[in-house]
Amino acid sequence: MADSDAIARLRLIRTPQIGPVTYAQLIARFADAARAIEALPELAARGGGRAPVVADRSIAERELATAAKLGARHLFLGDHDYPMLLAQLNDAPAAIMIRGDIALLARSVVAMVGARNASAAACRFARQLAAELVRERISVVSGLARGIDTAAHVGSLDGGTIAVIAGGIDVVYPPENAALQERIASEGLLIAEQPPGTEPRARHFPHRNRIIAGLALGTVVVEAAPKSGSLITARLAGEMGREVMAVPGSPLDPRAQGCNGLIRDGATLIQNAIDILETIRPIDARMVRAPSSSFDGPPPEDVDESARCIITDLLGPVPVAVDELIRQSDLGPAIVQTVLLELELAGRLERHAGGRVGLIA
C-alpha cells in the first residue's frame, strides 16, 4: 500500500465516530480513503449534524513512523495478507499492528483462554495442550493475560504462538509478562488494535477478545468462572459460527463452573489435543476463504428524505438490531445502512454489541 493511502486510511481509522463498521462502509462506497474523507461533511449534513474532525495527517504519519521504529507494521482490512478469518467479521478491525512472524496466521489457528487465577493443574494442562497443538502445525492464539493465557503462550512459544494485546503494541501488560511479550514478538506474533502508546483500559479488552475469537477456527476454554472474560470470548466465537470447546472440571471448584456450563450448553468437551484436531479439521476448508480488497454487503446508496425519516422514526435510545430496522422499514439493506452511516457521522447514532444501533440521547 502506498504511504499516501496508508496515511489516509489511518486518518479515517483514528477519527472519532468512525468505528470498524463505519470505516468498512465508507471504503465500500468510495473505494478510496481520501475520497471518503472529502465526503464526510456532506454525509454528516444529511444526518443532521457536523462531520467529525478527521485525525490530522501528522497523527497518521507519527503512527506509521513509530511502527517502523518498533519493527512493527500495519495490516489494513482488504490487504492481501490481512487474516482471512478475521476479515469475515462484520466489525473486523480496520487495521491491526503486528510484530513477528506473519506466516503463523496462514496456519489453522486455535484460541485458548481461561482464568487469570487458574489452578496449577489447569495451567499445566494448558501448556501441554498448546505444545501438542503446535507440533501439529496449529498456531495458538491467546491474550497474554495471567494464568491460562500465559500457560498457553509458554506451551506454544517454540512452535507458533500468537498474542493479541489490549493496549498499544509497545505497551506491556501485565508487567510480569514483559519478557514473554518480547519473546513472542521475536519468535511468534504480537498483535494490537490500539495505537502505539495506548495503555489498556477495561473497554479495550472486549475488543481484544473479538480478535482472539475472530482469528481462530475454534476457542478452547480451559478454566473459567461464571461471567468471566473467557466466557465472553467463547460467546463471541459461537456468534461468529466458530467452534466452542471446553475442558471439564470439578463441580466443587468455582473456576470450573464456566467450562462445565459451556459443555452443558453444547460446547465440545475437550480432554486432549486430538479432541481439538477432530473438532476443527472438518471445518477448516469450509471456514477459510481467500481475502479480498472488496467488502461484503451492498455499498451504501443515496436516499431520499422520506426513507431517511422512516428509519429515524424507528430509532430511539434503546438499541435495536439493524436487521429489525430493515424488516420494519421495508427498505433495502443498502438504504438503511446509508442512513445509519449518515447519523453516526453526524454524532447522533451509537453502535452497540450484537449489530444493534440506537440514537444518542
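1. Thr338 is buried, with a relative accessible area of 0%, where buried means under 20% relative accessible area, exposed over 50%, and partly exposed in between (1.4 Å probe, protein chains only). Thr338 belongs to helix α14, and a polar atom of its side chain lies 2.8 Å from the backbone oxygen of Ala334. Between the C-alpha atoms of Thr338 and Leu269 the distance in space is 43 Å, and the two are 69 residues apart in sequence.

2. A word on the basis of these values: this is a predicted model, in which local features need pLDDT of at least 70 and side-chain atom pairs count only at pLDDT 80 or more, while totals for chains, interfaces and linings use all residues. Residues are numbered from 1 along each chain as its sequence is written, and side-chain values use heavy atoms, with hydrogens and water left out.

3. Helix α14 (residues 333–345) packs with helix α12 (residues 305–314) at an angle of about 75 degrees, and their axes are 10 Å apart. That makes α12 roughly perpendicular to α14, a label given to angles of 65 to 115 degrees, whereas those under 35 count as roughly parallel, those over 145 as roughly antiparallel and the rest as oblique. The axes are lines fitted to C-alpha atoms, for helices over the stretch in contact, and angles run from 0 to 180 degrees between N-to-C directions. Helices (H or I, at least four residues) and strands (E, at least two) are DSSP runs numbered from the N terminus.

4. Which residues of α12 and α14 meet? From α12 come Ala307, Arg308, Ile311 and Thr312, and these meet Ile335, Val336, Val339, Leu340, Glu342 and Leu343 in α14, contact being defined as heavy atoms within 4.5 Å. By class, this contact of α12 with α14 has seven nonpolar, one polar and two charged residues.

5. Asp330 is exposed, with a relative accessible area of 70%, and its phi is near 60 degrees, a positive value in a residue other than glycine. Most residues other than glycine have a negative phi, and most peptide bonds are trans.

6. Two further places deserve a look for their backbone geometry. Leu144, in the loop between β4 and α6 (148–156), has a positive phi of about 60 degrees although it is not a glycine, and Leu144 is buried, with a relative accessible area of 0%. The peptide bond from Tyr173 to Pro174 is cis, with omega near -5 degrees, and Pro174 is found in the loop between β5 and α7.

7. Strand β12 (residues 356–359) takes part in two antiparallel pairings. With strand β10 (residues 320–321) β12 pairs over two bridges, Val320 standing opposite Val357, and with strand β11 (residues 349–352) β12 pairs over four bridges, where Gly358 is the bridge partner of Glu350. Two strands are said to pair if DSSP finds at least two bridges between them. A hairpin is formed by β11 and β12, with three residues between them, and Gly354 in the turn has a positive phi of about 75 degrees.

8. Nine strands form an open sheet with mixed pairing, in the order β1-β2-β6-β5-β4-β3-β7-β8-β9. Because β1 (73–76) and β9 (268–269) stand at the edges, each with a single partner strand, one side of each is left without a neighbour in the sheet. Within this order, strand β3 (residues 109–113) and strand β4 (residues 139–142) pair in the parallel sense over three bridges, and Ser139 in β4 is the bridge partner of Val109. Helix α7 packs on the sheet and touches β2 (95–100), β5 (161–165) and β6, its direction making about 110 degrees with that of β6.

9. How many residues of α6 are buried? Eight of its nine residues are, so that α6 is mostly covered; among them are Ile148, Asp149, His153 and Ser156. What covers the buried residues includes β3, α5 (120–135), β4, β5, α7 and α8 (204–215).

10. Gly188 sits in the loop between α7 (178–187) and β6 (189–192), and Gly188 is buried, with a relative accessible area of 0%. Not counting residues up to four places away in sequence, Gly188 touches Arg99, Gly100, Asp101, Leu104, Thr161 and Arg183. The C-alpha atoms of Gly188 and Pro226 are separated by 31 Å, the two being 38 residues apart along the chain.

Key. Ala, Val, Leu, Ile, Met, Phe, Trp, Tyr, Cys and Pro count as nonpolar, Asp, Glu, Lys and Arg as charged, and the others, Gly among them, as polar. A polar contact is a pair of N or O atoms within 3.5 Å; within protein, one must be able to donate a hydrogen and the other to accept it, and residues adjacent in sequence count only if both atoms are side-chain atoms.
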